[in-house]
Amino acid sequence: MPRLPRISDAEWLVMTVLWERSPLAANEVVEALGAKSGWSAATIKTMLNRLVRKGALKFKAEGKRYLYFPAVSRDACVRSETRSLVDRLFGGATATMLAHFVEDARLSQEEIERLRRLLDEKGR
């Protein structure tokens, strides 16, 4: 499996826009992010270019503009980031991480039942 690019927190916001709807032109990404992020158009365009260089995004020319779209799936990136988190914070021990989150979280009865079902299925 090819190695996934490391995506910064700021870049993750750009990727989220494109995972939700793509392809988009740079100005459409700016429009989607500009007001809520406070970033300038130049900053967002720099991030788009950085993500292309990293291999996280691809683009295609359409007339005088470029349309950007993800080169990696959200699911693959989430899995990679999760594995990195488990390795960094819990020494690779997934059970320790899960125990930490379960002990620390406020869970509804429905969420507890869902976790039980997941664990039961995993144990089979």
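The legends below describe close-up views of a predicted model.

**View 1. The open sheet of three strands.** The strand order is S1-S3-S2, and the pairing is antiparallel. Strand S1 (24-25) and strand S2 (57-62) are the edge strands; each has a single partner strand, so one side of each lacks a neighbour in the sheet. Strands of a sheet pair through backbone hydrogen bonds, either parallel or antiparallel.

**View 2. Pairing of S1 with S3.** Strand S3 (residues 65-70) runs antiparallel to S1, and two bridges join them. Alanine 25 has leucine 67 of S3 as its bridge partner.

**View 3. The hairpin of S2 and S3.** Six bridges connect S2 and S3 in the antiparallel sense. Lysine 58 is placed opposite phenylalanine 69 of S3. Two residues lie between the strands of this hairpin, and in the turn glycine 63 has a positive phi of about 65°.

**View 4. Packing of H1 against H3.** Helix H1 (residues 9-20) and helix H3 (residues 41-54) pack with their axes 10 Å apart and at an angle of about 85°. The two helices are therefore roughly perpendicular to each other. H1 makes the contact through Ala10, Glu11, Val14, Met15 and Leu18, and H3 through Met47, Leu48, Arg50, Leu51 and Lys54. By class, this contact has seven nonpolar and three charged residues, and no polar ones.

**View 5. The largest pocket.** The volume of the largest pocket is about 580 Å³. Its lining comprises 17 residues, of which Thr94, Met97, Leu98, Leu118 and Leu119 are the closest to the centre. Helix H4 (74-90), helix H5 (94-104) and helix H6 (109-123) are the elements that each give two or more residues to the lining. H6 gives the most, with seven residues. By class, the lining residues are nine nonpolar, two polar and six charged.

Technical notes: Residues numbered from 1 in each chain as written. Predicted model: local features only at pLDDT ≥ 70, side-chain atom pairs only at ≥ 80, totals over all residues. Heavy atoms only, no water. Axes fitted to C-alpha atoms, helices over the stretch in contact; angles between N-to-C directions. Helix = DSSP H or I, 4+ residues; strand = E, 2+ residues; numbered from the N terminus. Parallel < 35°, antiparallel > 145°, perpendicular 65-115°, else oblique. Contact = heavy atoms within 4.5 Å. Nonpolar A, V, L, I, M, F, W, Y, C, P; charged D, E, K, R; others polar. 1 Å grid on protein atoms, 1.4 Å probe; cavity = no way out; pocket = protein on both sides within 12 Å on 5 of 7 lines; lining within 4 Å. Points joined across faces, edges and corners; volume = space filled by probe spheres on them. Pairing = 2+ DSSP bridges.
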